[in-house]
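Colleague: I would like to learn how to read a model of this kind feature by feature. Could you take me through one, giving the general idea before the particular case?

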Amino acid sequence: MKSTLNTERLISCRRQLGITQTEAADRIGVSQPAYQRYEAGVRTPSIQVIKEIAKAFGVSESFLSGGVDSSYVLAMSDANICKSFESL
């Protein structure tokens with residue numbers, strides 16, 4: 001079975017955590033160049049690596065593949081609310 005990965009979500013999750021590509025790669029057990037290729041869409045990770053990414057980033061595998069993950073949506077909403085209050 002071929003795995004899929006939404007690269008925009010991958011990048012967004014990493015940035016939301018405030019970590020570098022090198023730190024993300026370390027968390028999931030791959031090299032930085034391999035991780036960079038995932039974000040660039042040049043290489044598709046295995047299903048096992050997608051599971052590791054989901055675990056490390058605190059989202060579901062479905063969300064990384066383009067589905068909906070309510071916990072991430074709520075976290076993003078909370079972050080946006082906080083930014084709104086900060087600008088007051």
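Predicted model: local features only at pLDDT ≥ 70, side-chain atom pairs only at ≥ 80, totals over all residues.

Colleague: Is Gly41 buried, exposed or partly exposed?

Modeller: Gly41 has a relative accessible area of 46%, and therefore counts as partly exposed.

Colleague: What secondary structure does the protein chain have as a whole?

Modeller: The protein chain has six helices and zero strands, and along the sequence this reads as α-α-α-α-α-α. Of its 88 residues, 31% count as buried, while residues 24 or more positions apart supply 54% of those contacts that have a separation of 6 or more.

Colleague: How should I read the packing of two helices, and at what angle do helix 1 and helix 3 pack?

Modeller: In general, two packed helices are described by the angle between their axes together with the distance between those axes. Here helix 1 and helix 3 pack at an angle of about 125°, their axes being 7 Å apart, which means that helix 1 is oblique to helix 3. The residues of this contact divide into four nonpolar, one polar and two charged. On the helix 1 side they are Thr7, Leu10, Ile11 and Arg14, and these meet Tyr35, Tyr38 and Glu39 in helix 3.

Colleague: How do I read a salt bridge, and which residue forms one with Arg14?

Modeller: As a general idea, side chains of opposite charge can pair when their charged atoms come close. In this model the count comes to one salt bridge, and it is formed by Glu39 with Arg14, whose closest N and O atoms are 2.5 Å apart. The pair links distant parts of the chain, since Glu39 belongs to helix 3 (residues 32-40) and Arg14 to helix 1 (residues 7-17), 25 residues apart. Glu39 is buried, with a relative accessible area of 8%, and Arg14, at 10% relative accessibility, also counts as buried.

Colleague: With which side chain does the side chain of Gln21 make a polar contact?

Modeller: The side chain of Gln21, a residue in helix 2 (residues 21-28), makes a polar contact of 2.8 Å with the side chain of Glu39. Setting aside neighbours within four places in sequence, Gln21 is in contact with Arg14, Gln32, Tyr35, Gln36 and Glu39, and this list includes both partners of the salt bridge, Glu39 and Arg14.

Terms used
Residues numbered from 1 in each chain as written. Heavy atoms only, no water. Helix = DSSP H or I, 4+ residues; strand = E, 2+ residues; numbered from the N terminus. Polar contact = N/O pair within 3.5 Å; in protein donor to acceptor, adjacent residues only side chain to side chain. Contact = heavy atoms within 4.5 Å. Salt bridge = Lys/Arg side-chain N within 4 Å of Asp/Glu carboxyl O. Buried < 20%, exposed > 50% of the residue type's maximum accessible area, 1.4 Å probe, protein only. Axes fitted to C-alpha atoms, helices over the stretch in contact; angles between N-to-C directions. Parallel < 35°, antiparallel > 145°, perpendicular 65-115°, else oblique. Nonpolar A, V, L, I, M, F, W, Y, C, P; charged D, E, K, R; others polar.
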